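This briefing sets out the architecture of the model shown below. Topics are grouped for reference.

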Amino acid sequence: MPDMFAFAEARGGELRKVAFETVAAARRAADATGGGQVHALVLGAPGLAARAEALGRFGADAVTVVEHPGLERYAPEAFAATAAERIKAGSYRAAVFSASAEGRDLAPRVAARLGLALASDVTAFELRGDAVLAEHPAYTGKVIVTLRLVGAPAILSLRPGAFPATEQPRAARIESAAPAADPGAGRVVVTELAQQAAATLDLGEAPVIVSGGRGLRAAEHFKLVEDLAAAFGNAAVGATRAVTDDGWRPATDQIGQTGRVVSPELYVAVGISGAIQHLAGMRTAKTIVAINKDKDAPIFKVADYGIVGDLFEIVPRLTDEVRKARSS
Amino acid sequence: MKIAVCIKRVPDMELRFAIAGDRKSLEQSGLKYDMSDFDGYALEVALQLVEKQGAGEVVLVSLGPDGVQETLRKGLAMGAARAVQLKADQVPVDGLAIARALAAELGAGGYDLILFGRMATDTASGAVGPMVAELLDLPCVTSISHLDLEGQGGTARRDLEGAAETVRFPLPAVLSIDEGIARPRLATLKGIMAAKKKPLEVRPAALGEVRLTIESLALPAERSGPKFVGEGPDAVPELVQRLRTEAKVL
């Protein structure tokens with residue numbers, strides 16, 4: 001019965017959605033092969049222990065909480081030392097991180113410290129024999145690579161949104177531990193964490209994303225996209241690279257190979273033609289809706305639903321209908 | 001200031017990919033290769049830093065078969081002083097094996113900075129930079145969208161999901177560079193001519209044990225094509241109906 005390790009990410013004293021995703025994915029992998037233990041690790045400032053129990057809901061049998069004032073923000077060296085120490089202390093088949101900005105920084109450090117194989121940005125995995133097989137969309141999502149990792153534990157970073165945070169409740173044992181390296185002695189120090197307004201849903205966490213492209217013709221027309229997102233109530237606003245390059249939207253809104261890679265339940269592409277670089281960031285969305293005036297635009301090749309026509313007529317109507325549908 | 005820039009040669013992503021008969025590699029015919037996009041940004045950052053300081057050199061390192069020499073020459077044409085090819089029959093998918101070979105080359109080089117692109121555009125892992133840093137026990141900041149160096153250290157900005165971090169680090173350090181930080185320059189004709197005479201050393205890559213291999217490649221399942229395409233605003237009610245009943249997302 002293979003045991004699994006899951007790194008649970010926190011920010012600002014709260015567990016992030018990706019923390020539940022990694023724990024739930026570890027739980028499913030353990031259960032699929034006989035049901036081993038899932039051990040989660042969470043690091044942060046004092047007070048985090050009160051949040052740790054929630055990880056039991058998603059299938060953690062034990063949660064190690066490392067609280068220290070110096071861990072309030074990400075401290076790469078103390079985080080890596082602590083994660084590596086905890087992973088080494090168990091006998092895990094695999095250790096899963098999120099392929100979030102933090103996880104993509106942390107997982108390679110841990111893998112290098114322990115001399116273990118790492119598969120990044122994984123969208124599916126299974127424990128098979130002594131190996132772990134992991135799927136990873138490469139070549140801007142145009143080729144799915146299945147990787148074989150040998151040596152235990154295999155280190156994986158999981159694409160945010162690709163693994164559902166399903167509840168599989170356990171009464172998690174909460175243990176506290178000290179950091180394996182002095183957080184105050186790190187050479188790399190995060191001196192400031194500037195959060196965006198709390199009211200805006202993050203692209204990686206929103207179940208619905210409404211994105212706009214050049215077809216909107218001007219920055220002020222993004223209001224149409226924002227209104228549609230507001231009508232859904234659970235939507236974040238994204239943009240194409242052309243739009244962020246032109247400064248219509250901040251660079252952090254960019255979805256695509258060079259921006260954010262997202263897998264929401266629903267992706268609504270407004271005035272987006274579907275350049276390869278953009279498709280690489282959203283083609284794993286579960287349902288894709290395209291609204292574009294050009295019926296031959298590549299976006300319609302990946303769309304599940306589409307409307308061809310003038311977005312300035314279609315989007316306000318869609319906003320109304322979505323609002324009605326949600327209030328009925 | 002002495003800066004190493006690690007670059008990767010990758011296929012042109014605009015092309016169609018086909019899987020070769022072994023199911024583990026890409027059909028090579030028709031593929032065109034170039035420097036990975038993010039590495040161009042890293043190289044530009046390095047060139048600007050050396051220009052600003054008025055002293056130092058930029059050294060390029062690339063691991064792979066002889067084809068990488070073309071990519072290294074391109075970087076030399078942009079302004080790097082010299083280049084090293086760590087020769088391997090192919091680039092392994094095991095990032096740690098690559099990192100070992102790079103660390104063996106870079107460790108004794110006396111570099112103030114070792115730069116990487118945020119990720120290679122083909123494998124999109126972004127793991128090799130922080131792995132090299134760990135193997136060399138150097139401070140590391142990844143995915144940098146803004147960089148200021150001052151004295152024996154620097155500050156960098158990293159964009160996270162819905163937030164941004166300001167990070168302080170000492171030199172020497174390993175940094176990975178996000179796009180947009182500095183637009184890569186085009187090589188001039190003079191640069192291209194000069195590049196032909198710049199030193200390009202070839203050494204075997206010390207990859208060590210490989211623990212990550214390709215099991216198989218596949219093309220993604222084609223999306224079955226749209227279930228419904230309507231025309232104009234009158235198609236909206238049917239779309240919403242289908243989002244409710246078929247896709248169950250409303």
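Chain A contains 10 helices and 18 strands, where helices (H or I, at least four residues) and strands (E, at least two) are DSSP runs numbered from the N terminus. With a radius of gyration of 21 Å, close to the 20 Å given by the globule rule for 328 residues, chain A is as compact as a globular protein of that length; the radius is taken over C-alpha atoms, and the rule is 2.2 Å times the number of residues to the power 0.38. This is a predicted model, in which local features need pLDDT of at least 70 and side-chain atom pairs count only at pLDDT 80 or more, while totals for chains, interfaces and linings use all residues. Residues are numbered from 1 along each chain as its sequence is written, and chains are lettered from A and ligands numbered from 1 in the order in which they are written.

**Chain A overall**
- The C-alpha trace of chain A spans about 60 × 40 × 40 Å along its principal axes.
- Of the 328 residues in chain A, 61% are buried (20 or more other C-beta atoms within 10 Å of the residue's own, with C-beta atoms placed from the backbone).
- Among contacts in chain A with a separation of 6 or more, 66% join residues 24 or more positions apart; a contact requires C-beta atoms, placed from the backbone, within 7 Å.

- An open sheet of 6 strands, with parallel pairing, runs in the order 15(A)-14(A)-16(A)-17(A)-18(A)-13(B); strands pair if DSSP finds at least two bridges between them.
- Strand 15 (235–239) of chain A and strand 13 (228–231) of chain B stand at the edges with a single partner strand each, so one side of each has no neighbour in the sheet.
- Neighbouring strands of this sheet are turned by 15 degrees against each other on average, direction ignored; axes are lines fitted to C-alpha atoms, for helices over the stretch in contact, and angles run from 0 to 180 degrees between N-to-C directions.
- Strand 18 (residues 305–308) of chain A pairs with strand 13 of chain B in the parallel sense over 4 bridges, and B:F228 is the bridge partner of A:Y305.
- Helix 6 (residues 236–245) of chain B lies across strands 17 (287–292) and 18 of chain A and strand 13 of chain B, at about 155 degrees to strand 13 of chain B.

**Helix 4 of chain A**
- Helix 4 (residues 76–89) of chain A is largely enclosed by the rest of the structure, because 11 of its 14 residues are buried.
- These buried residues include A:F79, A:R86 and A:I87.
- Their cover includes strand 1 (3–7), strand 6 (92–98) and helix 5 (101–114) of chain A.

Note on methods: A residue is buried if 20 or more other C-beta atoms lie within 10 Å of its own, exposed if 12 or fewer, and partly exposed in between; C-beta atoms are placed from the backbone. Two residues are in contact if their C-beta atoms, placed from the backbone, lie within 7 Å.
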